[in-house]
Amino acid sequence: MNLADWIGAFLGFVLTLLVFSYLIGDNPLFRITLHMFIGVSAGFVAVVAIYNIILPRLFVPIFINNSSQQILSLFPLILAGLLFSKISPRFAFIGNLPMSYLVGVSAAAAIGGAVTGTLIPQVLASMNLFAVQSNQAFDASVGLRLVNGIIILIGTVATLAYFQFGKYSQASEKTQFQTWIDGLGQIGQVFIALTFGFLFAGILSAALTALIGRVLFLVDFIRDILGLLIG
Amino acid sequence: MRNPVYTAIAIGVGIVVLLGYFLQFDLLINLRIILLEWATILVATTLLIGVVNLFIVHWRKSTTDQPNRVNSIALLAGLTITLGVAGWFGPTDPYSLWIFNYILIPIEASLMGILSVVLIYAGVRLLRRKPNLLSIVFIATAVVILLMTGPLFGIDIPGLAELRIWIGKVPAVAGARGILLGVSLGIIAAGLRILMGADRPYGGN
Amino acid sequence: MEEIYCPQCGKTNPIDNKFCDFCLAHLHPQEGGSADSESISVPGIGENQNGLGGHDSDSNVPDWLSELQQSKEVENEEPLDSDSELGKPADAISDWMTGVSGDGEATIGEFSPAAPFLPDQEINESQDIPHWLNDALIEEETQDLLEDERLEEVPSASEEKDVSQGDSSPPKIRDETSGDRENAGPLAGLKGVLSAEPGAARVRKPRTYSAKLKVSTSQRAHIDLLNSLLEDEGQPQPLPQRRSISQQHMLRWGIALVLLMAILWPIVFTNQEMPLPDYDEGSAEVNRLISQLPENARVLVGFDFEPGLAAELDTAAKPVFDHLLSEGALLTLISTSPSGPILAERFIQSFQADQLLIYGLEYVNLGYIPGGAVGLLSFIENPQGTIPFTIDGLVAWETDERNGLPATAGISQITDYSMIILLVDDPDTARMWIEQLSPTIINPQVLTSLVLITSAQLEPVVRPYYESSPQPVNGLVVGLRGGAAYARISGGDDFPGKFWDAFGMGTFVAALLILVGGLGYYVIPELSRTARGQEKVKR
């Protein structure tokens, strides 16, 4: 390790301990570290945005392209200029024009993605659970697959029904259909609890991995320091 | 003030982009590409505006006599140093990577690390706070998945590995699929409200 | 000064007083009531020596007021009659000033609170007043009197009787409301105006307040108690000692300590004790897909995770990329997160020690696509237009007009990539990639495959896509376990053993803590509660 790495490792060591100090309790040093982290993150965001988009996409096309492209590239420049008015509360309304543009495009991309990427494929996947090939003999594996398919289908429908559960439950007199939906919603809750349990375990695993990474770093640094001191 | 121009812009560009998913006309495709490219540029601009605003807010805080001004000074210091170094040398330069490796990653990874303690603590308290069937299902699933995610000292508990795989492939898929469909329906509903002009989060209301 | 006790309320009054300052009761024995002698003292006037009644009538009183007094004296001599008043407007004056004299006591000659209770024939003297107005006035007067009575001590029955007998004031009501000519003050001579005379206003006895405070023994005791309480409040009290270490704190510290010890143990003392997983379906599928890649296949790699999870994703992706690079794949790095390009650069540099990767030739870092789904959609539709330059400012793509970088040669659209690998830690980001790529990738004519290397937290979210048919996600490496399984499948022996051991110990201890701690935390209080309940029943 060169000197810069040593300094960096020491800095990382100190910062790691400062963040871990939160386990003892919230303290000013932890908060200072957190704010420094936000500052550094924001700095990287700004630099990457400038290097990757603002300079090559906003300004460069004005100088290098042909005249029609130059005119075309003026539009985002003007819109971006209008967006900067959002910094001032007094002139923020000027930025509503590019914001409306952004919101419209984002909403369309979100709808299109949800329909073509999740809604249709996942509904098809739920239907295809029972697609047993005609030439396939019915054996234990096919039976098991069908049982699993039924469970997945019930779970999916029940989970979806749970989203409607709250609405129907408010009614004082329930129709038979609403009673069914309520019952299905309760089954859906079990599936949701199970999924969230899985998710919880996943998040905990990921957090544990991060913790292990930091502990490994601390141990390695101490070993390096000891090795340097002892020789 | 209700401004129909903003609403018209949002609806107009939204419809062009949305139709591009389903219709393949050259004119539509080219128009859609231009609109999307402009949007990416504008999003980058909003990021920059966000950073400028962050700087202004914390500059004001740090120059006034406030109890938390030290935090703002730390933020400004981090921001200025990063902007200076990464801005001058470039974001993937070794100097920038030094800041990234020894400041950013230690702090964020440590934050993720302490999350593990918080999550275990929450898991321990769950049964006390809500002792019901759903909590038991939640905890039981989490414990099974956790045990079988790690190597478990090489011990093979009969049926547990199969149970983990089955949970992952059947009931968890069912629940997640239901949630994904629900989320998608929600996104579609919210997006359509914007494209129909019922919601105007851009200040057109 | 000599004092006299009021027979009604028991309070002390100056001996000169005729009536009680507090309750207006007679202080001296009555000698048979008569209309002439009967009068009600007005303490507010009578007591106030500087007040109206306290002055010599001619010395300080303004002209118009002295005129008023004179007219009152005249009126006292005249019976109240509307006709006569009309004839002598200057004489028509209320009789309330009758008692104003220099002796310091004002009396109201003929006004009585019992006026409404007078016999009908007396009220009927007011012939000019319509019945409805008369009734209203009587009612109003009654209410006023009731209010007055509430404020005052209720006089004794005998006094009330005396007062009512001696009163002859009902015509006064007629005076106030007759709408006749004004006979005094600045509006004198005008007809139909509201009277400016003080007599036009209702005469009410002002509430009396004694300057002296009569305090009983019990009240004194209460005052002393209150004073002592207030004195105590004024004294700074030491704050109650706050419990700095609560049960929750202890629990959290205990968990942290046990977890850290569990992780430290294999890192410090052991090495590669725990076996790598035998098989993982998703990882095996990724391995198969990479093995089938053509030589110099172009692979698009999305780095979409946060630096906090770099340890997990770097470790999980390392065996996959070892395999990928050994197959000679050329990488295009991209991200929809601002920190992604730096993470990508950092990740690639971790390979440089073992395998020299030349920038531009074997990999290219396109950097950051802003806008989330919008940016990604733009990149999928038109990669060259969306990101024309690398993050270092080099021309990224080969076109008819210019030469690009070898790593991206031949790429004009997203489906020119043989494989898309996404390193992701966020459910929304993963969903966004899958959703935007699905319409392109699901097409049977497209040979591009999508492979996900995800954080462990994403497994439930991406699994439905992987388990779908048609399949938008073709391979799945989930977390450290997926990476370890990949390392085992691909025969790589460089998976970090200490990491895996610590992970094994950490997950085991975490599960144990949740299970045992949760049950203990729930069961022990339940048991103690039950025991307490049983004790109560026994008692």
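Among the elements of chain A, which has the lowest mean pLDDT and which the highest? Then take me to helix H16 of chain C: which residues of H7(B) does H16(C) meet?

Modeller: This is a predicted model. Confidence comes before geometry. Among the elements of chain A, H5(A) has the lowest mean pLDDT, 81. H1(A) has the highest, 94. Chain A as a whole averages 87. In chain A, 91% of the residues score at least 70.

Chain C averages a pLDDT of 73, and 63% of its residues score at least 70. Two stretches of chain C need caution. Over residues 31–59 of chain C, pLDDT stays under 50. The model still gives that stretch 56 contacts beyond four places in sequence. Residues 151–178 of chain C also stay under 50, with 71 such contacts. Where pLDDT is low, predicted coordinates should not be read in detail. For the model overall, ipTM is 0.92 and pTM is 0.73.

Now the setting. Chain C holds 18 helices and 10 strands. It has 539 residues, and 43% of them count as buried. Take the contacts in chain C with a separation of 6 or more: 71% join residues 24 or more positions apart.

Chain A is built from 6 helices and 0 strands. Along the sequence it reads α-α-α-α-α-α. Its radius of gyration is 29 Å, whereas a compact globule of 231 residues would have one near 17 Å. The C-alpha trace of chain A spans about 70 × 70 × 50 Å along its principal axes. Of the 231 residues in chain A, 42% are buried. Among chain A contacts between residues at least 6 apart in sequence, 33% join residues at least 24 apart.

Next, how the chains meet. Between chains A and B, 97 residues of chain A are in contact with 96 residues of chain B. On chain A, the elements giving two or more residues to that side are H1 (3–20), H2 (28–64), H3 (67–83), H4 (96–127), H5 (140–169) and H6 (176–230). H2(A) brings the largest share, 24 residues. That side of chain A divides into 67 nonpolar, 26 polar and 4 charged residues.

Between chains C and B, 56 residues of chain C are in contact with 51 residues of chain B. Several helices of chain C give two or more residues to this side, including H9 (247–269), H11 (310–326), H16 (459–466) and H18 (497–538). H18(C) gives the most, with 16 residues. This side of chain C holds 34 nonpolar, 12 polar and 10 charged residues.

That brings us to H16(C). Start with burial. In H16(C), Glu459(C), Pro460(C), Val461(C), Val462(C), Arg463(C), Pro464(C), Tyr465(C) and Tyr466(C) are buried. That is 8 of the 8 residues, so H16(C) is largely enclosed by the rest of the structure.

One neighbour comes from chain B. Two packed helices are described by the angle between their axes and the distance between the axes. Here the axes of H7(B), residues 171–195, and H16(C) come within 8 Å. They cross at roughly 90°. H7(B) and H16(C) are therefore roughly perpendicular to each other.

Now the residues you asked for. H7(B) brings Ala172(B), Val173(B), Ala176(B), Arg177(B) and Leu180(B) to this contact. H16(C) answers with Pro460(C), Val461(C), Arg463(C) and Pro464(C). The contact divides into 7 nonpolar residues, no polar ones and 2 charged.

Gly202(A) lies in helix H6 of chain A. Leave aside residues up to four places away in sequence: Gly202(A) touches Ala456(C), Gln457(C), Leu458(C), Glu459(C) and Pro460(C). Glu459(C) and Pro460(C) are among the buried residues of H16(C). Pro460(C) is also among the residues that meet H7(B).

Is Gly202(A) itself buried or exposed? Gly202(A) has 25 other C-beta atoms within 10 Å. The cut-off for burial is 20 or more, so Gly202(A) is buried.

Definitions and conventions: Residues are numbered from 1 along each chain as its sequence is written. Chains are lettered from A and ligands numbered from 1 in the order in which they are written. This is a predicted model: local features need pLDDT of at least 70, side-chain atom pairs count only at pLDDT 80 or more; totals for chains, interfaces and linings use all residues. Two residues are in contact if their C-beta atoms, placed from the backbone, lie within 7 Å. Helices (H or I, at least four residues) and strands (E, at least two) are DSSP runs, numbered from the N terminus. Ala, Val, Leu, Ile, Met, Phe, Trp, Tyr, Cys and Pro count as nonpolar, Asp, Glu, Lys and Arg as charged, and the others, Gly among them, as polar. Axes are lines fitted to C-alpha atoms, for helices over the stretch in contact, and angles run from 0 to 180 degrees between N-to-C directions. Angles under 35 degrees count as roughly parallel, over 145 as roughly antiparallel, 65 to 115 as roughly perpendicular and the rest as oblique. A residue is buried if 20 or more other C-beta atoms lie within 10 Å of its own, exposed if 12 or fewer, and partly exposed in between; C-beta atoms are placed from the backbone. The radius of gyration is taken over C-alpha atoms; the globule rule is 2.2 Å times the number of residues to the power 0.38. pLDDT is the predictor's confidence in each residue, from 0 to 100.
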